[in-house]
Amino acid sequence: MDAFYASVATRDRPDLDGRPVIVGGGGRGVVLSANYLARGSGVRSAMPMTRARRLCPDAVVIPPDFALVEQVSGSVMALFRQVTPLVEAVSLDEAFLDVSGAARRLGTPEEIAERLRSVVHDEQRITCSVGVAATPVVAKMASRHAKPDGVVVVPSGEVTAFLHPLDVGELWGVGERTREQLHRLGLFTVGDVAHTPVQTVQRALGGVLGARVHALAWGVDGRVVTPQSGPHAPERSTGADHTFDRDVDDPDVVATELLRLSARVTGRLRSAGLAGRTVTLRIRFADFTTITRSRTLPEATDVTVEVHRTALALFRGLGLQRARLRLVGVRVEGLVPRSQVHHQLQLGEREHGWSEAERAMDRATRRFGASAVRPARLVRHTG
DNA sequence: TCTGGGGTCCTAGGACCC
DNA sequence: TCTGGGGTCCTAGGACCC
């Protein structure tokens, strides 16, 4: 999709036609999406909102409507599945479609691409761009060049002709840091990387990344379209973090926030029927330096109280003397199905404990809403 | 009043085991 | 009488993606 969050936000707002629009959070938020008028002023995704407003003071700023975006995303993916069952959603606004089996039925790649675009536009009133190639990653790179509202086809025989003039930063997996490293080697274009011995690239980037980038420079990506409907990779971790509106140095505020985040994470675990063994605390200081501390528990848990207790112990273990914190986060890794966890009661431990209490809270929440029952610490004193 | 939130994967060192 | 080799797990940091 083109400028997805912004397109969704404006499709029922004719009053915003011809105006620059930015979707993003307030305060310390970043730009989630900006329409092409705002981009004309230099606004980009992931840019701090403060900078975006400065670049484009006339822009209409809209907070994201995640529920609506998810709904539109689901509808678009359903349209894709009418063309082929081989649809891999990469994110809410992007998917790989393997149409190699649809040519006889639906025509040339260009025709399929245009059909997809018109069906999305007719049904959802938003535009999208399509890249077509023999491999997913090259198709993805082509789709970038198709934006906005276009199609770029890269025939098999023209892959290197398409790739080699591009900046190395356009390769999937090459971000700012890797781009700098390649520049230091004197490699600026994809073609430069392609014509450098793979060992040289690997020495600079490490074995795995180096090999991948070098292969990709020749259009070899090793990826296949993997529809989510089949058995997809199990989740490996789940987490939540929060950037404070203002930097915080009160350990009590931190402890409360860690409880809120732990509850969010373990709530997700419980509804997914998962539990995890490793709890990771993330701290970002006022100067943006970020550290993590983790602890692996004897057995996997989905219990809020245990995750919070662990996160708090990790925090106290840092021995921070009222350092100013910008962000705290909690993540649980090493996920396994809860059915595989066989809890060993400790000597003196009650048979029914927090796990049962929290499950009861989940049921109350499902029935009466999120405000029905909460830890006292998370009840705002305004009541 | 620069820099969100949710993820994945890789690297590297050390402990530990056989 | 100067210290192997292979494997797994844990921890911490960092890069990248959307």
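Student: Into how many nonpolar, polar and charged residues does the surface near DNA strand B divide?

Tutor: This is a predicted model, in which local features need pLDDT of at least 70 and side-chain atom pairs count only at pLDDT 80 or more, while totals for chains, interfaces and linings use all residues. Residues are numbered from 1 along each chain as its sequence is written, chains are lettered from A and ligands numbered from 1 in the order in which they are written, and side-chain values use heavy atoms, with hydrogens and water left out. A residue is near a molecule or strand if one of its heavy atoms lies within 4 Å of it; Ala, Val, Leu, Ile, Met, Phe, Trp, Tyr, Cys and Pro count as nonpolar, Asp, Glu, Lys and Arg as charged, and the others, Gly among them, as polar. For DNA strand B the residues are eight nonpolar, seven polar and ten charged.

Student: Which element gives the largest share of the surface near DNA strand B?

Tutor: Helices (H or I, at least four residues) and strands (E, at least two) are DSSP runs, numbered from the N terminus. Of the 25 residues around DNA strand B, those that come nearest are Arg28, Ser237, Gly239, Asp241 and Thr243. The largest share, eight residues, comes from S8.

Student: How far is a polar side-chain atom of Thr238 from a phosphate oxygen of DNA strand B?

Tutor: Polar contacts here are pairs of N or O atoms within 3.5 Å; within protein, one must be able to donate a hydrogen and the other to accept it, and residues adjacent in sequence count only if both atoms are side-chain atoms. For the side chain of Thr238, the separation is 2.9 Å.

Student: What percentage of the atoms of DNA strand C within 4 Å of the protein belongs to sugar and phosphate?

Tutor: Of the 19 residues around DNA strand C, Ser91, Lys140, Thr178, Ser294 and Thr296 come nearest. The share of sugar and phosphate among its atoms that come within 4 Å of the protein is 100%.

Student: Which element gives the most to the surface near DNA strand C?

Tutor: A polar side-chain atom of Arg277 lies 3.1 Å from a phosphate oxygen of DNA strand C, and a backbone N or O atom of Gly175 lies 2.9 Å from one. Two or more residues each come from helix H9 (176-184) and S10. The most, six residues, is given by S10.

Student: Which strands stand at the edges of the open sheet?

Tutor: The sheet has four strands in the order S8-S11-S9-S10, with antiparallel pairing; two strands pair if DSSP finds at least two bridges between them. One side of each edge strand is left without a neighbour in the sheet, because each has a single partner: these are S8 (237-248) and S10 (290-301).

Student: Which residue in S11 is the bridge partner of Leu281?

Tutor: Strands S9 (residues 274-285) and S11 (residues 325-337) run antiparallel and are joined by eleven bridges. In S11, the partner of Leu281 is Val330.

Student: Is Glu358 buried or exposed?

Tutor: Glu358 lies in helix H15 (residues 354-368). Its relative accessible area is 4%; with a 1.4 Å probe and protein chains only, under 20% means buried, over 50% exposed, and in between partly exposed. Glu358 is therefore buried.
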